[in-house]
Amino acid sequence: MQSGLYIVGTPIGNLSDMSPRAIDTLRNVDLIAAEDTRVFSKLAAHFDIKTPRISCHEHNERDVIPELIEKLQNGAAIAAVSDAGMPAISDPGFRLVRAARAAGVPVYVVPSGVAAIAALVLSGFPTDRFTFCGFFDEKKLRDDNKIRHTIIYYESPNRIMTTIAALARVMPERQIAIVREITKIHEETIIGYPADLMHIQPPRGEIVIVVAPAPEHKMSDAEITEIVNDISASSTKGAAADLARRAGISKKEAYRRMLDKGGAND
């Protein structure tokens, strides 16, 4: 093969999505830099890929990348793969690409599916503008809420219910899609407002969260009243803050409406 660095995408779940070009590339390069050689060995066995491989992940990149760059400069063809999907998308890879570019080494891409994009399409939310925020970080959530178009997060099954609760507090007026096990047997998409999803059976497997754009219109009195009825079991101040976020009105107006309701607990 022509020398250079090949960024090779692998299936995000279903092995049938492996492209013939990806198989051919991985069989014919001189070396494969894998995020986890044990994970890659299963893929390699399935597609009869016998190419030598080396581990290259976030904990050893600083030591491994100079060695890889030296091999590339000496004319080697090296492929980089992550455990699933496209390298460098919330996975190791971008530092190796950056180093190769800085060294003047040719870089090629062999694309594959990306879980974030697949989930976006499955959600049915607007795709003309979106922001991928990587793995969910509750500390950044209020800043993320300033993004008014579609937002995409990765999340683990161990934290998903806590994350839904956080979204219910900060983005209650925005629908979310919980997309799990994309391309696999148990693929599933659950859509609803965060508060409505707080008591679902905790989803398992690989999870992507897609957050719909913030509503552009101000809610009607009837819609606001419906929210008031929904949250009036909370303390007045807490419920008023929730109402203000969900209805797009001031906290003062929300507090007045909660007092008018007369059913909230002080």
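Strand 8 (residues 176–180) and strand 9 (188–192) run antiparallel and are joined by 5 bridges. Strands here are DSSP runs (E, at least two residues), numbered from the N terminus, and two strands pair if DSSP finds at least two bridges between them. This is a predicted model, in which local features need pLDDT of at least 70 and side-chain atom pairs count only at pLDDT 80 or more, while totals for chains, interfaces and linings use all residues. Residues are numbered from 1 along each chain as its sequence is written, and side-chain values use heavy atoms, with hydrogens and water left out.

**The sheet**

- Alanine 177 stands opposite isoleucine 191 in strand 9.
- An open sheet is formed by 5 strands in the order 6-7-10-8-9, with mixed pairing.
- Strand 6 and strand 9 each have a single partner strand and stand at the edges, so one side of each has no neighbour in the sheet.
- From one strand to the next, the twist averages 15°; axes are lines fitted to C-alpha atoms, for helices over the stretch in contact, and angles run from 0 to 180 degrees between N-to-C directions.
- Strands of a sheet pair through backbone hydrogen bonds, either parallel or antiparallel.

**Strand 10**

- Strand 10 (residues 207–211) is mostly covered, as 5 of its 5 residues are buried; buried means under 20% relative accessible area, exposed over 50%, and partly exposed in between (1.4 Å probe, protein chains only).
- Ile207, Ile209 and Val211 point one way from the strand, Val208 and Val210 point the other way, and all are buried.
- Strand 7 (residues 150–155) is antiparallel to strand 10 and joined to it by 5 bridges.
- Valine 208 in strand 10 is the bridge partner of tyrosine 154.
- Strand 8 also pairs with strand 10 in the antiparallel sense, over 5 bridges.
- Here isoleucine 176 stands opposite valine 211 of strand 10.

**Aromatic pairs**

- The whole structure has 4 aromatic pairs; rings of Phe, Tyr and Trp (its six-membered ring) pair if their centres lie within 6.5 Å, and planes under 30 degrees apart count as stacked, over 60 as edge-to-face and the rest as tilted.
- Phenylalanine 132 and tyrosine 154 form an edge-to-face pair, because their ring centres are 4.9 Å apart and their planes are at 65°.
- Phenylalanine 132 lies in strand 6 (residues 130–135) and tyrosine 154 in strand 7, so this pair ties together parts that are 22 residues apart in sequence.
- Phenylalanine 132 is partly exposed, with a relative accessible area of 30%, whereas tyrosine 154 counts as buried at 10% relative accessibility.
- Phenylalanine 135 and tyrosine 154 are also edge-to-face, because their ring centres are 5.6 Å apart and their planes are at 65°.
- This pair links distant parts of the chain, with phenylalanine 135 in strand 6 and tyrosine 154 in strand 7, 19 residues apart.
- Phenylalanine 135 counts as partly exposed at 47% relative accessibility.
- Ring pairs link Phe132, Phe135 and Tyr154 into a cluster.

**The cavity**

- The structure holds 1 cavity of 30 Å³ or more; on a 1 Å grid over the protein atoms alone, a cavity is a set of points where a 1.4 Å probe fits but cannot get out, and lining residues have an atom within 4 Å of a point.
- The largest cavity has about 60 Å³ of space; grid points are joined across faces, edges and corners, and a volume is the space filled by probe spheres set on the points.
- Its lining residues include Ala33, Cys56, Glu61, Val81 and Leu96.
- Strand 2 (31–34) and strand 4 (77–81) each supply at least two residues of this lining.
- The lining divides into 8 nonpolar, 1 polar and 2 charged residues; Ala, Val, Leu, Ile, Met, Phe, Trp, Tyr, Cys and Pro count as nonpolar, Asp, Glu, Lys and Arg as charged, and the others, Gly among them, as polar.

Terms used: Helix = DSSP H or I, 4+ residues; strand = E, 2+ residues; numbered from the N terminus. 1 Å grid on protein atoms, 1.4 Å probe; cavity = no way out; pocket = protein on both sides within 12 Å on 5 of 7 lines; lining within 4 Å.
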